[in-house]
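Here are my notes after going through the model you sent. Have it open while you read.

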Amino acid sequence: MQIKWKRWAPIIYISPAFIYMFFAWIIPFIYSLELSLHRWNLASLTIEKKFIGFSNYAEIIGNPEFWNAVRRTITYVCWAIGLEFLLGLVIALLISRESRLMSVIRRLILIPFMIAPAVVGLMWMWIYNPEWGVLNYFVRTLGIHKVGYSWLGDTSVAMFSIVVVDIWQWTPFVILLFLAGIASLPRDPYDAARVDGASRWQIIKFITLPMLKPVMMIVLLIRTMTIFKFFDTIFILTHGGPASVTEVLGFHLYRVSFMYFKMG
């Protein structure tokens, strides 16, 4: 009896995760794949699905709006992940020392990450407001711009304004991952380096950064997977505008599916 239990125990333990994946990921994925092979327009008088093969894929490949959304998404991802990675690494190195002050700073710095994306969007919509937003208050006070600047209404800065919001919210998550990685590093190389008289910069360059390479790869992988789902804040702040300059793939998918009702 015990031998049979040892044989089936691993399967029993991981079965809840497989059941969850089956209903939450595999079934929706299969249904979406099947739906993409049909024409199903919810705005038509007859909402029956019609099998059309790969016509939807051919239509998307030939649609310039789709490729513009891809280009904007790549731009957004490169700027956001690049700046979050650099800021997160630098800040994590600065606050990794053990002290009461650093402990308080580490707790405070995680607050933006704990706020819901919809709330973040509403908060930054007030900050960016051209008339009474706090950002324009400082701009006018410093004499940079005499009147309120439309950060979300100017096509030249709208995308960068959205990137700033993403950096503000997600950099704490990157900092948290790097802090966990730094805390897990062995202490012996650091003790040896201090005995040899290495400076703090030399320790960071020749010990910390090389040993953090696996953590860096994990940070880039996780953020790349999560950033492509970015939708909430853009929906609240710009709704894809102005002139579709902030319409990334997630919002383009929403617009085609739930505004044009082209579910296939």
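1. The chain's secondary structure amounts to 13 helices and 2 strands; helices (H or I, at least four residues) and strands (E, at least two) are DSSP runs, numbered from the N terminus. Keep in mind that this is a predicted model, where local features need pLDDT of at least 70, side-chain atom pairs count only at pLDDT 80 or more, and totals for chains, interfaces and linings use all residues. Residues are numbered from 1 along each chain as its sequence is written, and side-chain values use heavy atoms, with hydrogens and water left out.

2. Along the principal axes, the C-alpha atoms fill a box of roughly 80 × 80 × 30 Å.

3. Of the 264 residues in the chain, 31% are buried (under 20% relative accessible area, 1.4 Å probe, protein chains only).

4. Now for Q169, which sits in helix α8 (residues 158-183). Q169 is buried, its relative accessible area being 3%. Its side chain reaches the backbone oxygen of I115 at 3.1 Å.

5. What does Q169 touch, leaving aside its neighbours within four places in sequence? Q169 is in contact with P112, F113, I115, A116, P117 and V120, where contact means heavy atoms within 4.5 Å.

Methods: Buried means under 20% relative accessible area, exposed over 50%, partly exposed in between (1.4 Å probe, protein chains only). A polar contact is a pair of N or O atoms within 3.5 Å; within protein, one must be able to donate a hydrogen and the other to accept it, and residues adjacent in sequence count only if both atoms are side-chain atoms.
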